[in-house]
Amino acid sequence: MDWGQSNREWNDAEANRLPEKVEEMKLKQELPNGTGRKRIVVVGLGMVGIAFIEKLMKLDIKRREYDIVVIGEEPHLAYNRVGLTSFFQHREIENLYLNPKEWYSSMPEGSLSYHINTRVTDIDSKNKTVKTSAGDDVSYDILVLATGSDALLPRHTPGHDAKGVFVYRTINDLQNLIDFAATKKGTTGAVVGGGLLGLEAAKAMMDLEQFSKVKLIERNRWVLSRQLDGDAGGMVVEQVQALGLEVLLSKRVGKVHTDADNNVIGVKFEDGEEMDCSCICFAIGIRPRDDLARKAGIKCADRGGGIVVQTDLSTSIPDIYAIGECASWENQTFGLIAPGVEMADVLAFNLTQAKAHSPRTFKRPDLSTKLKLLGVEVASFGDFFADRDGPKELPTKRHGGKKEGIIEAKERVKSLTDGPPPPPVKALTYKDPFSQVYKKYLFTMDGKYLLGGMMIGDTKDYIKLVPLVKNQKPLEIPPSELIVGASKDDDADDLADDTQICSCHNVNKGDVVKSIKDGTCKSIGDVKACTKAGTGCGGCMPLVTTIFNKAMASMGQEVKNHLCPHFEYSRADLFNIIYVKKLQSFPDIMKECGKDPQSLGCEACKPAIGSIIASLFNKHIIGGGRRGLQDTNDKFLANIQRNGTFSVIPRVAGGEITPEKLIIIGTVAKKYGLYTKITGGQRIDMFGARKQDLIAIWTELIEGGMESGHAYAKSLRTVKSCVGTTWCRFGIGDSVGMAVRLEERYKSIRGPHKIKGGVSGCVRECAEAQNKDFGLIATEKGFNIFVGGNGGAKPRHSELLAKDVPPDDVIPILDRYLSFYIRTADKLQRTARWVENLPGGIKYLREVILEDKLGICAELEKQMEELVGSYFCEWTEVIKDPERRKLFNQFANTDDNIVDTIEPTVERGQARPSYWPKESVKEDFRGTKWSNLTWQPMVKADLFRDVATGDSQAIKRGDTQLAVFKVRGKYYCTQQMCPHKRAFVLADGLIGEDLANNKLWVSCPYHKRNYELGGESAGKCGNDDQVNIATFPVEERDDGWVYVKLPPVEELDSVLGTEKWKIKKAETTDPFEKLDKKLERMKGRKGLQASHFEGGKGEIATAKMILAGGERGANGIDW
């Protein structure tokens, strides 16, 4: 038998891998080898003792703060006491071992030593030593008592010490029973006690096949009375009797009859009846082993026994802890293994992780049980006797409900006259006597919360129901559906045909589906060209792609997930080719992977390839020929805004910022006239930065200790946090500390799409971590890790990837997850859609990330380690490089600048660009008849680079802005303004190409209007026939200048001048005009910049006073 398989459920899963992990760390020389470690002595090598050792070793393996010495009284290593019955079948103790002998010896040298067949006889708490039966004194820094319990024998019952009387507790007990039964073939065996242990013992005696009959004696009216009600217990009795076990109910043993040699010959019950038997196994309960603690002066419980422990499992003597069945918590001891393992978990966590997280406390344990007894499936979960004893806790109490013990006067009088009211619980019961299935689920009175329940025969929902109880979350379905299931409606598509999927061009789902099914569109590119969906902001492309794939599949057509017409590979395929072949430049990638090795790509594939190169090699995105791959945001390391200016967002890791940095941001915003706003990711956004000012702005910010926030990139944006234990009285974990560490680790890594994180310090979830690409919520045991959530056009709640992860283990899991996403996602695919589209979804992701199903976890961690290890601030590198600084000039041919192509509107004390007009400019620029054209030297040729992606510059003549492009040594010139939104940005657009049809175009950075650059169709828009642009002849001459053939300045300005097309406030309407009139009549409101104090200075005057030095004698700030 494979020990790992047979006892897997009782092992810590990660502890099973500890030997391999130790070997890996040895090879990498990562094992800490310092001295000064503390010694933990564990007394007891049972299931709880080994659980504590496993968990401590797992959490301490990277720190090595402790060495462990464990002393076990039995002659065996830790074994599966719950599986004792199987010993009767294989008779091999090693098959019950929770860990093989090799596991103990594979731990780092000196970290774990064990002594078996050795009893601890004394504790000297003053000198911190324990004495053993071997005469050794073992010193400790921390002592953990896991001494377990003894099986009860009814010593008041005559004959309890007869030959043939056994208990069912240890391997030794079983071996004695086996040997004795072999001498009593054909006789009757009896088990006293109808609880979990009694039914197990009865099965064991039946499996021996020595006794002709086995009888179970139970003092109550049904078996399993601690887990089941009468109906359920009665059904179990029927089933076990059908299997051959005779059950005697409501019987108490008064005396054990013996012969002259003190052998068992029968029993006499308290009601006078008698029964013959040759063997009796008592399974009537346990008593905590606290004698060692009592002898040492450690406080123990008077009633029921047990070592008294606090919520942190500490005893009355410092540095001594007790866990498992020997521990008495709030005057309770627990005979189930699960509470003991929970104690072990709490103590191991506090000894290793409490420095970085709130210490855990042991709380009311979950006594849920699921077993197969004599072939009968039995389960009870949660507060399963809430209808009989009243609920131990009601979820409504946490939300302002009536507190326990508070009874209104009328209710008090009524309880005296009518008796106590029935428990505030409703039961939902299902009983099928034909299939022997019984289910009873208990709910709050309103049916919103599941409190507990029990199941017989069909227990498959147990694993689903236990978390509903433990998490105490309101049910989202009617209670009945938990038993009878939901009524199924006919499946329908998520979206109706008239659902708008592209707001930029008002395209409905039906428009896209029709274009596919009538054969017009056979690719995503066709859909974009035919319907214009996805040619605006591009935000609808994931949805358009999904609709396209489903429509093609419904027609039996093959769906090709190619990057674009230039590559017959998906993004994931291309990523792996680039990774394996170490391709680091666009020309090399196009040569190896492109359909045409000479192509310069398009606006779809270039950013994707730029992202892949950054994700793998982390080179500066605007260096080494990579600038031509970037969208405008990445090209200028800032988000382009409606009026052609940019936003500036320094990194504010975890949302934590000092007053000094706030002052720096404020001074920069004031100096450059920037509009400021707090972002949803807890940062400060400064809008309206002109391209030519970006260098100066970032110089001041970086000088002040700040760095790029990568708000412009498809990369990690923010890791949002609440204050957690830093300040909040409800906090469980240090959410700020964790968020800052995560953001600092993953800042700058680029992926298929932007990545957002969040960390909440407790289940109140103030950081909204469950709608992030990755989110952490602190639990008492560590953090729950959620993945695959996002807001946006199609919001998605994240899913649980890993539960109760210790702080030390968060990073490896996220490293794997993010690396796997970066490797396998499609272009512009958020983690939400990625998880949805994974084969097997979140279950498959767990297998890959947590169980290493593909055997790549080590490689994923290594890849992320290399990536984060190559970090640099992109803006710092630009500022230090004179050549890169030149890229931020507004025009290549003059230092003159043109500002405010959209007239500002001042509101709420700040200026913003006026709204866009609703209509595009439909003037036929392409067909303009110029009076005459003459060649004009416009820009130096050496400003253009010969790069495979093409190069471009914006130039100015008079009041007109022009864009000049250089592609494969040939020049093209167009107007700078895109007529769609009157945006002067074409020189910043990506250049695309279709070699087969001899087409070359520039794609507007705003909404991807593609304008042809040359040939007969020069100036035409390929995806919006309502707009076009003017083009002009252009050439390079021997004098080193690029000449453009242009009309006179006045004529050029009259058609294309910036002032002519500047968007005026008067062209637009105020959408809030009616609403503002209503709000004016509301009382108690003040002006946004005014003070509530009578005669108060208000925002502007107060700020001026501070800046002028009028605040506490300050010297003021020189702007």
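Predicted model: local features only at pLDDT ≥ 70, side-chain atom pairs only at ≥ 80, totals over all residues.
Modeller: Two strands count as paired when DSSP finds at least two bridges between them.

Colleague: How many bridges join strand β34 to β35?

Modeller: There are 6 bridges between β34 (residues 774–779) and β35, and the two strands run antiparallel.

Colleague: Which residue of β36 stands opposite Phe783?

Modeller: That residue is Val805. β36 covers residues 799–805, and its antiparallel pairing with β35 has 4 bridges.

Colleague: How many residues of β35 are buried?

Modeller: Buried means under 20% relative accessible area. In β35 (residues 782–787), 6 of 6 residues are buried, and the strand is mostly covered.

Colleague: Why is strand β22 said to be largely enclosed by the rest of the structure?

Modeller: The reading comes from a count: 6 of the 7 residues of β22 (residues 376–382) are buried, so the strand is largely enclosed by the rest of the structure. β22 pairs antiparallel with β21 (residues 369–373) over 5 bridges, and Leu373 has Val376 of β22 as its bridge partner. β22 also pairs with β25 (residues 450–456), again in the antiparallel sense and over 5 bridges. There, Val378 has Ile456 of β25 as its bridge partner.

Colleague: Which residue takes a positive phi in the hairpin of β21 and β22?

Modeller: Leu374 does, with a phi near 50°, and the hairpin has 2 residues between its strands. Look also at Arg64, which is not a glycine but has a positive phi of about 55°.

Colleague: Is Arg64 buried or exposed?

Modeller: Arg64 is buried, since its relative accessible area is 7%. The residue sits in the loop that runs between α4 (47–60) and β2 (66–71). Gln682 is another non-glycine with a positive phi, of about 65°. Gln682 is in the loop between β30 (675–678) and β31 (684–689). Its relative accessibility is 25%, so Gln682 counts as partly exposed.

Colleague: What is the order of the strands in the open sheet?

Modeller: The order of the 5 strands is β3-β2-β1-β7-β19, and the pairing is parallel. At the edges are β3 (112–115) and β19 (320–322), each of which pairs on one side only. From one strand to the next, the twist averages 20°. Ile68 stands opposite Leu112 of β3. Helix α4 packs on this sheet, where it touches β1 (38–43), β2, β3 and β7 (142–145), and its direction makes about 165° with that of β2.

Colleague: At what angle do the axes of helix α16 and helix α18 cross?

Modeller: The axes of α16 (residues 509–517) and α18 (residues 541–554) cross at roughly 40° and come within 10 Å. That angle is why α16 is called oblique to α18. The crossing of α16 past α18 is right-handed.

Colleague: Which residues in α16 meet α18?

Modeller: From α16 they are Lys509, Val512, Val513, Ile516 and Lys517, which meet Ile547, Phe548, Ala551, Met552 and Ser554 in α18. Sorted by type, the residues of this contact are 7 nonpolar, 1 polar and 2 charged.

How values were computed. Residues numbered from 1 in each chain as written. Heavy atoms only, no water. Axes fitted to C-alpha atoms, helices over the stretch in contact; angles between N-to-C directions. Parallel < 35°, antiparallel > 145°, perpendicular 65-115°, else oblique. Left-handed = near helix turned anticlockwise from the far one by under 90°. Contact = heavy atoms within 4.5 Å. Nonpolar A, V, L, I, M, F, W, Y, C, P; charged D, E, K, R; others polar. Buried < 20%, exposed > 50% of the residue type's maximum accessible area, 1.4 Å probe, protein only.
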